[in-house]
Amino acid sequence: MLDNGIIEESSGPWASPIVLVKKKDGSTRFCVDYRKLNEITKKDSYPLPRIDDTLDALNGSQWFTTLDLKSGYWQVEIRPEDRRQPSPPYKDFGNLSLKQVLTSSPILTYSRTDKDFILDTDASNEGIGAVLSQNMGNEEHVVAYFSKSLGKPERNYCVTRKELLAIVKSIEHFHHYLYGQKFLLRTDHASLRWLLNFKEPEGQIARWIQRLQEKLQTLHECREKFGMEIDISVKVLTTTSVDPWSSCEIQKAQLEDPNIKPILEKKLYSADRPSWQEISPESPATKRYWALWDFLHLKDGVLYHRWESDNGSSCRWQLILPKSRIPEVLRETHDSASGGHFRVMKTLSKTRERFYWDRLRADVEKWCRECHACGARKGPKTRSLATL
C-alpha cells in the first residue's frame, strides 16, 4: 500500500490497530479498528435524499455517468488538517473511471414532462397495486410501481370497492407525477360508475369522490375520445352491465338502508361489538340487529346472518336484505311461478332459506294478505243464514 501511494508515513498522538482479514476468495482485506475513535468523533448528521427524488432529478437527461468506487475508502482523500488521526490518506482520486450506464434497456425509465402519463390499477384479496408508465416511441415504458397490502377492514371490502381503493391510493401515491398533468387512467370502469351512482354519498364514499374530482379534473379532455359522459373520464376496458345482486351493489344498498348501515359500518371497520351507549341513539330495528351481533358476519363486504338449527346439525347463510329489495324478493318467493302464491308459512319458509331482515314475518304476512291473486282465488266470504 505504501509502494502504491495509498498510504503515507505519519506521526501523531493517535493510533488504531490494524487487522488483516481473509476474504472468501483467499485474498486479504485490510481493516482498521476505529471504534475508539468513532466514540469521540462528532457526527456530521444530515438527511439523505430520497432515491425517487434523486431519480426524478434526472428528468430529460440523455447521458449518464457512474463513479467506479472500487476500494472506495482509498479514493477519497482526507483533509491535511485531519491527517493527524491515523486514518490512511487516500490518494489517486484521478483513478475514478467513467462508464456508460445504459448498456442495456433499463427496467424503469425516467419520466418525461412532455409525455402523457398512463396509470394502470388493480386489486386482489390481499393488496392493491398500480403501474405508472409513459409512451415513448412506439412502446410503453414503466416509470414507477406502487403496491400496498390491505388491512383487515379493507379485506372485507367488496371487489369493486377494492378496485376503487386502488385508484384512490395510487393517484395519491403518484401525486407528484400527476398533479397538473393530463393522464390516462386504465381500470375496471365499473368501480367509478358504482361510486358515482350514489345519490347522497357520505362518509368514506363522499371523501373518495372529493379526492377523485380534485385529482382527475385534468381528464375532461379525454371525455369525447372514450365516449364517457361522466365527470371523471376513464378508458373503458369492460362494458358489462352491472349485476344488481353483485356484492358491491348489495353492499351499496345495505349502506343506504338507515337500519343496516350502522351495523355494517361497525363490522367493516372493527371486529368488536359496539357498546349500548354507541347504539342507543339508533332506530329500534338497528338495536335488534345489534342484539344479533355474534350471528352477523361479512362475506365479500356484505352483511349476512348465520342461522343454525337447534341441534347444530345444519346452518345457512341469510343475506341481510335492505328495505329497498324486500318487494323484489317477495315477488319472487310468493308471486312468481316458482312462488306459487302459497300461504304465509310456506312463503315465510322459502324466504328464510336465503334472506333475513327485521320484521320479516310481519312483512310476509302483510304481502300475502294484500295479494290480489290470492284474494281473487279465495272468493267472497259467504254469510250463513239464520235458522228458520
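Buried means under 20% relative accessible area, exposed means over 50%, and partly exposed lies in between, using a 1.4 Å probe and protein chains only. By that rule Lys 366, at 40% relative accessibility, counts as partly exposed. The model is predicted: local features need pLDDT of at least 70, side-chain atom pairs count only at pLDDT 80 or more, and totals for chains, interfaces and linings use all residues. Residues are numbered from 1 along each chain as its sequence is written, and side-chain values use heavy atoms, with hydrogens and water left out.

**View 1. Lys 366 and Glu 370 meet in a salt bridge.** A salt bridge is a side-chain nitrogen of Lys or Arg within 4 Å of a carboxyl oxygen of Asp or Glu. Here the N to O distance is 3.2 Å. Glu 370 is partly exposed, with a relative accessible area of 48%. Elsewhere, salt bridges with shared partners join Asp 120, Glu 140 and Arg 186 into one network. The count for the structure comes to 11 salt bridges.

View 2. Arg 35 is exposed at 60% relative accessible area, whereas Asp 33 is partly exposed at 24%. Asp 114 is exposed, at 52%. Arg 112 is partly exposed, at 32%.

**View 3. Ser 133 sits in strand 6, residues 127-136.** Helices (H or I, at least four residues) and strands (E, at least two) are DSSP runs, numbered from the N terminus. Ser 133 is buried, with a relative accessible area of 3%. Its side chain joins that of Glu 140 in a polar contact of 3.5 Å. A polar contact is a pair of N or O atoms within 3.5 Å; within protein, one must be able to donate a hydrogen and the other to accept it, and residues adjacent in sequence count only if both atoms are side-chain atoms. Contact means heavy atoms within 4.5 Å. Leaving aside neighbours within four places in sequence, the contacts of Ser 133 include Asp 116, Phe 117, Ile 118 and His 141.

**View 4. Trp 245 and Phe 355 form a tilted aromatic pair.** Rings of Phe, Tyr and Trp (its six-membered ring) pair if their centres lie within 6.5 Å; planes under 30 degrees apart count as stacked, over 60 as edge-to-face and the rest as tilted. The structure holds five aromatic pairs. Trp 245 is partly exposed at 30%; Phe 355 is buried at 6%. Ring pairs also link Phe 117, Phe 146, Phe 174 and Tyr 177 into a cluster.

**View 5. Arg 316 lies over the face of Trp 307.** The distance to the ring centre is 4.4 Å. A charge sits over a ring if NZ of Lys or CZ of Arg is within 6 Å of the ring centre and within 35 degrees of the ring normal. Arg 316, in strand 12, is also the bridge partner of Trp 307. Strand 11 (residues 302-308) and strand 12 (residues 315-320) pair in the antiparallel sense over five bridges. Two strands pair if DSSP finds at least two bridges between them.
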